[in-house]
Each structure stands twice: as C-alpha cells, then as structure tokens.
Amino acid sequence: MGFILCASLFLNVTDVSAQQWAMYNTGTLFDAFENPSQKTFQPDSSRRYAFNFFVPNGGLTLQAKGPADNTLRKAIYGLPLDASGIDLDSKETNNISIAQNAYIFMFRMFRSIQYNREIGFSWQVKTQAAYHITNETLSIFDNYKYLINGENSNIFNNKGEGQAYHQFSFSYRENYNRRLAFGAKLSYLSGIGYTKLSIEDSGLNIDEINHSFSSRLKGSYLTNFLYNSFDPLLLIPNIKNPGAALTLSTNYRNKHGFFFLGNIKDLGFILWRKQPYLHKIDQTISLEDAEAKNAGTKLKEEIEKNILQNPVTTGKFTSLLDTRAELLINRDFNSYQPNLILSKSLFNKNGQIALVNTYRWRSLNFSASTTYNLNKTLEIGGQFLVKSPNLDFFIGSDQIAKTYTAFSGIMQSDANRGRGYTAINMYMGFALKVGPILERYNTADRVPGLKKPGEKSFFGKIFTSKSKKR
C-alpha cells in the first residue's frame, strides 16, 4: 500500500522515456551511441578520436500525473502531504514515472575512410521505473477521515516496477554504399537494483468511535535488496546480476534528399540472481489514534514492521528492458533541419511522436521540440547545441516550461507554482575529438584503413553471403 508511495518519492529525490529527441540526427558523440548507424567524424575536419573525458552525458526525467496532480506536486516540492482536494470518486490511478540515462564513459574511433567505419566503447547507467498509485493510498497517509463515506474494497491496489543497471557497450557502424549505412551496439548489463510491487486485493475498515482503522492487503513485493539496508556494493559493476542487450540501427538518404533513420533499441534482459527477496503480502495493518498529527509516520512504521521485515529468499528471475522501435524522417532546408521521430515501446503501451525543428548558424544549433506521449501529455522542449568538427556541447529539456516551474516551486516551497501534471526533464553533455585530422585520399599524407583490392564492407560480406546461399 503506502510504502510504494514512500519508495517512489524517495526515488524521485535520488533517480517515461529518457530519450533526448533534439539530440537525434545531430552527428554528436551522444547521437552516435544512441543511434549506432550515425556518423561522428567529418573527413578533412575531424580528428580521429572522440572522447567525453568522463564528463557525464545524458539526463533525467520525472513525471507525476493523475487525478491527484495537486497532491503529488506538493509532495515533489517537499511540502507536507495534502490530500484534501482529491476526487475519491475517480477510479483513475496516479502515475509516477522515472527515467535516467547517463553516459559516464564514451570513446569512439574513426577506423577507416573507406566505408566510414567507426568503432566505439561506452559505459552508461540507466534507470527505468513506473508506479501506479490509487487516490485512496494518498488520502490514507494524510487523513483517514477522507475515506469514511467512500468505497472500501480494492482501494489500495497499487502496482509498479523499477530497475537500474550499468550498460557496457561496443558499437560499430559503416556505410554499405553511398546512401545506406548500418550500425550495431552490443552491451553487457550489470544490474544494480530491482523492485516490483503488486497489490491484488485490499480493503479498509474504519472505527469512527475509537478513531482507528485497519487495512487488509494481499499481494507481493519483489526486490534484490532489503528495505532500509541497501548494499552500496550493488552500485559497483559486477557479474552477480548479468544481462545482455542489442541495438540495431540503419539509415538511408534517398536521391530526393530525404533521410530515414531506424532503430530497434535495447532488446535485452537482466538475470537477477544475487539474493532476490520476495515479500508475500497477506496482512492486516491496524492503526490506533489515527487522528494524531504523526499518523502518517506511524502508518509507514506499521507497514515496515508487518510487511517488510521478513522476506523469503527466492530463486533467480529475469526482467526485460524497455525495448523500443524508432523511426526518424528528415529533409534539410539549408540551415533549417526538421526531424519527425516516432518511438514505440515493444513490451508496453508507452510511445512518443516528436517533431524537432532546428536552426543552424555556423557551429550553433537552436532547437525547439514538440512531443506527444501516448499517455496523453504534450511536451514542449528546447535545446542549445555547439557542434563543430571537434567539439560537442549541449544542454536542453524536453519539457522546458514544466521543468522551470517545478524548480521554481521547489526553491520557493510554493505549491501554487504549476498547474496540471508535474514534470522535470533536463540533460546536458560534452565531448571532444583529439588526434590526427582525418584526410581524404587525394589530400592525405597517410590514410587510415586504406581499402585493399576487392575488399568489401563487413555488412556487405554478410548480405553477399546470404544472397549466395539462396
């Protein structure tokens, strides 16, 4: 019941989609690792090695949306929980989503002029979490009297799932011909943390005379760490919770100037085998003196004592990543670059449609983005990018107005700052190219990866081999 609320709000202060749409089709180092068929280097201008010098590249997204928007906003702003305005007749749940993607290490190398071969290595940390919380759950932590005349069956049926992991990747890209390119990213995963809550049956009995109540809960809570006893060693990459992932990417530019980019991104899994804990929930939580000012704290303590203290060690289990299919369509008009991006999760209902408009002036890029989420939210974003042959620097937000409002409300502790759902999204990054400048054959003193007579590209060999077998 309520411990998922506490856990969710805790994650918000410590960890939707973590895609930065305005970074697609920019030719930056970040773009090349997110979309492996993309080129990073420009012959005769770029130096051979691209590196982020351990400056984190990526960002964070938090979104809280539902019929209890005002209550959730106050909680995120760090204000006391206030459930007085919640419509308890609404059966819609409140959704709290968290997504984080940060590249700690990125290194990419130009392998050869012929076929524009590039290879890269990266280390990133990712978090994905989504929780669905009922209105009654928020209300009971504030004041049980809100629920006296309401329905008392299955009103605490909350659910949610979240995981965090390291991702170590090798990426490769090359041109198949002048118009078509392929890329792939193969990753080893190291799981950090996993939680999954499912309350299948619940009820509430209120004793108005004695100012007390009891709540019946039945379900399960699965995690790889003990509540209030998180092992810091889990933050260190290891082989205790291994996994693997694959990203496949291709791009094509037709003779009319239209550019198409397609991805199957993060098709993979994590095997959680290091001491998984299963809390089998089938208890009744009772609270006396429910009118006390610290009733919410006492309720949290009762949940900890009755549900989270004696887990059962269970066997290993597997979780899937948020695998996505993506398509980008573009046609440049001199300094103006519009990108239409379609993204759909393959294993859940999440998806986005984004339109990014970029104006380029020399090495400066200014972008405005509009994104429609299939969860019925509209996002307006902006980005500033410095992109030269040997330097990348970017900062932006896919929800620039919501993010500004949320930070203003947090700094001023003012719940009136903001309307509707609450969201925070921000990202930034930096990379630099070093080494010798890449020169074409006709101007170079030395050409890396000069093509041997009859040599074919890697993907060309694969497709030629398949056609011969047919």
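Which residue lies over the face of F258, and at what distance from the ring centre? R331 does, at 5.7 Å from the ring centre; a charge counts as over a ring if NZ of Lys or CZ of Arg is within 6 Å of the ring centre and within 35 degrees of the ring normal. This is a predicted model, in which local features need pLDDT of at least 70 and side-chain atom pairs count only at pLDDT 80 or more, while totals for chains, interfaces and linings use all residues. Residues are numbered from 1 along each chain as its sequence is written, and side-chain values use heavy atoms, with hydrogens and water left out.

**Charge over a ring**
- The charged end of K433 sits over the ring of F41, 5.7 Å from its centre.

**Aromatic pairs**
- The whole structure holds 21 aromatic pairs (ring centres of Phe, Tyr or Trp, the latter by its six-membered ring, within 6.5 Å; planes under 30 degrees apart are stacked, over 60 edge-to-face, the rest tilted).
- The rings of F121 and F170 have centres 5.4 Å apart and planes at 50°, so this pair is tilted.
- The rings of Y194 and W272 are also a tilted pair, with centres 5.7 Å apart and planes at 45°.
- F121 is partly exposed at 39% relative accessibility, and F170 is partly exposed at 36%.
- Ring pairs join Y49, F51, F53, F54, F105 and F107 into a cluster.

**L342**
- L342 has a relative accessibility of 35% and counts as partly exposed.
- Between L342 and Q352, 10 residues apart in sequence, the C-alpha to C-alpha distance is 6.1 Å.

Technical notes: Buried < 20%, exposed > 50% of the residue type's maximum accessible area, 1.4 Å probe, protein only.
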